[in-house]
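Here's a quick tour of a protein model, written for someone just getting started.

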Amino acid sequence: MITKHLRLFALVCTLALAGCSGGENTSDDGAQLLAADETANPLLYEITNAEGEFEGWMLGTIHALPDDTDWRTAQIETAIEDADLLLVEVPDLSSGSQIAEIFAELSTTPDIGPLPPRVAPDLRAELTEMMALSDFSPGQFDDTESWAAAIMLARVGAVGRPRNGVDRYVISQFEDRRIYGFEMAAQQLGIFDQLSPQDQRDLLEGTVREWAASRANPGHLTRAWLRGDAATLEQATSTGIMADEELREALLVGRNNRWMPVLLTHLEGNESVLVAVGAAHLVGPDGLPALLAEQGYTVQRAP
């Protein structure tokens, strides 16, 4: 079961926890996410340098979608077709067995004890319900650190399937072109493993709270992604789990800042770049477009 889960890890972990793909409970029918008269319009930006020269695109992705979701606009398909190289969060999505081994090593602490006592008393009943709905038996959580348990539970009741993740699709279209990653999956796991015990508890408690709250408005963040609703997506990067300053720094802000030198190096080359990362990384004052603007670039929503 651990191996099965970790094959999905790189597709779902960070934005699932940030509130942009996980923890929602609705139908897996993609046709029901938008009204009949609506068409998808995910976040796609065009990048030009200080001299007005076109450098590439930025696509805000989501790591899981229902089957038959129609999200590929003509502009997105053009960007995928015309880009010379691709920059993604994690390029090694197929190395499931290796990731599983790293996860097992980092996430396990013998005799750490059952999971429910690690959260506030008022969350224990909902946590127990989440555990029962997950793909794991309760005993599998006993030796699992709290950050890892949060990841394992983040997909409970989630909208869509990781096999339909936008990252996976875009990577598949670049088989004959170069693909670079801002991180490797092991680095992402390390971010969680390095969280303090209190931050790990906050992460686990936040996962439970967001799952409980999502049942009142199922699918709203997936719909926001499909509509390209930057305001709603930005709100998700500073509420819920991400309202915790330490977690927001570790999972979002710090990563964006570490990615910038890599991004700038590729933009300064002679090839057009497609940057495809979770939509949470493209919104707000700490997002990659805002950071690029500080460096003299112009980042505008594609028409």
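Let's begin with helix H9, residues 220–227, in this predicted model. H9 is mostly covered, with six of its eight residues buried.

**Helix H9 and its surroundings**

- Which residues of H9 are buried? They are Leu-221, Thr-222, Arg-223, Ala-224, Trp-225 and Leu-226.
- Those buried residues pack against three elements: strand E2 (54–61), helix H6 (166–172) and helix H10 (230–236).

- Helix H4 (residues 124–133) packs with helix H8 (residues 197–214) at an angle of about 80°, and their axes are 10 Å apart.
- Angles of 65 to 115 degrees count as roughly perpendicular, so H4 is roughly perpendicular to H8.
- On the H4 side, the contact is made by Glu-126, Leu-127, Glu-129, Met-130 and Leu-133.
- H8 brings Leu-204, Thr-207, Val-208, Trp-211 and Ala-212 to that contact.
- Sorted by class, the contact of H4 with H8 has seven nonpolar residues, one polar residue and two charged ones.

**The sheet**

- Six strands form an open sheet with mixed pairing, and their order is E4-E3-E5-E2-E1-E6.
- Which strands sit at the edges? They are strand E4 (178–181) and strand E6 (298–301), each of which pairs on one side only.
- Neighbouring strands of this sheet are turned by 25° against each other on average, direction ignored.
- E2, one of the elements that the buried residues of H9 pack against, runs parallel to strand E5 (residues 273–278), and six bridges join the two.
- Within E5, Leu-274 is the bridge partner of Trp-57.

**The nonpolar cores**

- In soluble globular proteins, nonpolar side chains tend to be buried together.
- The largest nonpolar core here has 50 residues, and the members touching the most others are Met-58, Val-170, Leu-263, Leu-274 and Leu-292.
- What does Val-170 touch, not counting residues up to four places away in sequence? Its contacts are Leu-59, Ile-80, Leu-86, Leu-274 and Ala-276.
- Apart from that core lies another one, of 36 residues, including Val-208, Trp-211, Ile-241 and Leu-247.
- You've met Val-208 and Trp-211 already, as H8 residues in the contact with H4.

Definitions and conventions: Residues numbered from 1 in each chain as written. Predicted model: local features only at pLDDT ≥ 70, side-chain atom pairs only at ≥ 80, totals over all residues. Heavy atoms only, no water. Buried < 20%, exposed > 50% of the residue type's maximum accessible area, 1.4 Å probe, protein only. Helix = DSSP H or I, 4+ residues; strand = E, 2+ residues; numbered from the N terminus. Contact = heavy atoms within 4.5 Å. Axes fitted to C-alpha atoms, helices over the stretch in contact; angles between N-to-C directions. Parallel < 35°, antiparallel > 145°, perpendicular 65-115°, else oblique. Nonpolar A, V, L, I, M, F, W, Y, C, P; charged D, E, K, R; others polar. Pairing = 2+ DSSP bridges. Core = buried A, V, L, I, M, F, W, Y, C linked by side-chain atoms within 4.5 Å.
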